[in-house]
Amino acid sequence: MIELRGLRKVFGGTVALEQIDLSVPAGEIHGIVGRSGAGKSTLIRCLTGLERPTSGTVAIDGVDLTDQSGSGLREARRSIGMVFQHVNLLDSRTALKNVAHPLQIAGVSKAERLAKARELLEIVGLGDRVDNYPAQLSGGQKQRVGIARALAAEPKVLLCDEPTSALDSSTTDQILGLIRSLRDRLGITVLIITHEMSVIREICDSVTLLADGRVAKTGKLAEVISEPGSDLAKDLVPLPPISLDDRAPAEDTEAVDGAAGNRTNHLVEVALAGTTLPKVLTSAQSVGVGAEAILAGAVETIEGRQVGRIRFTLATAAESKELITALKAAGIYAEEAA
Ligand SMILES: Nc1ncnc2c1ncn2[C@@H]1O[C@H](COP(=O)(O)OP(=O)(O)OP(=O)(O)O)[C@@H](O)[C@H]1O
Ligand SMILES: [Mg+2]
């Protein structure tokens, strides 16, 4: 449905995107993450036809946007709905008229566009708010109106740029639930740009990490999230912050760090990738390391698989080496952590 091939975008001397290949099948929810300046907005602007790629192709539903101009481009853009962080509703119009607005521009008759707008507001759960003005709606409700408006032209693709960044967590959950149900109900393909890993975890089927304008990682969420040792996997299922005071006291001389004698302990991080927590604990126990050595853990079940990480704290380097060896022998990914 969304097909990017060899996409490159250069601004003056700045390479914003380089060699981007990406396919998002119809009906999939795909997340794009990356640090500030990674090229996320440029990517979405290329997808909307607002920005013309330096080279490469951008196709939506088989139509190459880079081939189009004028009316062809306008027509192709009708198959794309956009949702932004801040919705930008027209304050002087009711929710109903805001949703009907793009249809008015497209020349749809009044009766038809108001009926369509009413139906869409019903779908986003605002059937009883059609006559409210934006000032009478909460942030989450406004975002729903924005989503209904994005759906007015019956797009095949919904592009969402930080759709929940301005919302609190329970409203975020509602909006994400809505996006998922729209996909289920309308079969729409969704691309979400976000800096919130929780958004990726909650609703994305697949994810791409952009770094310096390139695809650093892409794949199905369940695969990416369970890849051992991957930074993206660590970001997706982060360990809770660890207080230094909670670390086990170091006992061996090796662990004394520097002239000041700051004691460090030995941390071992285990990835639950294709393995399960009980298996990890059994291997640890085989070398005399019990659950009390667990300093922190983050475990989730995604598509029936346990994913996440466990961090053990051990008093000596010898113990940590022994634990890593035992885990590796059992086929479990383990590494020393800083
Ligand atoms: N119109 C422009 N002219 C010149 N350089 C640009 C332009 N737009 C983007 N860039 C550059 O391209 C790179 C990618 O920018 P982009 O806005 O796509 O990043 P981003 O991932 O969206 O970042 P953020 O998370 O901060 O929004 C940056 O180095 C930026 O300075
Ligand atoms: Mg941006």
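This report describes the protein chain as a whole and then one of its sheets.

## Basis of the model

The model is predicted: local features need pLDDT of at least 70, side-chain atom pairs count only at pLDDT 80 or more, and totals for chains, interfaces and linings use all residues. Residues are numbered from 1 along each chain as its sequence is written, chains are lettered from A and ligands numbered from 1 in the order in which they are written, and side-chain values use heavy atoms, with hydrogens and water left out.

## The chain as a whole

The protein chain contains 11 helices and 16 strands; these are DSSP runs numbered from the N terminus, helices being H or I of at least four residues and strands E of at least two. Its C-alpha atoms fill a box of roughly 80 × 45 × 40 Å along the principal axes.

Of the 338 residues, 48% count as buried (under 20% relative accessible area, 1.4 Å probe, protein chains only).

Strand 6 runs parallel to strand 7 (residues 157-161), and 4 bridges join the two. Valine 83 has cysteine 160 in strand 7 as its bridge partner.

## A helix on the sheet

Notes:
Two strands pair if DSSP finds at least two bridges between them. Buried means under 20% relative accessible area, exposed over 50%, partly exposed in between (1.4 Å probe, protein chains only).
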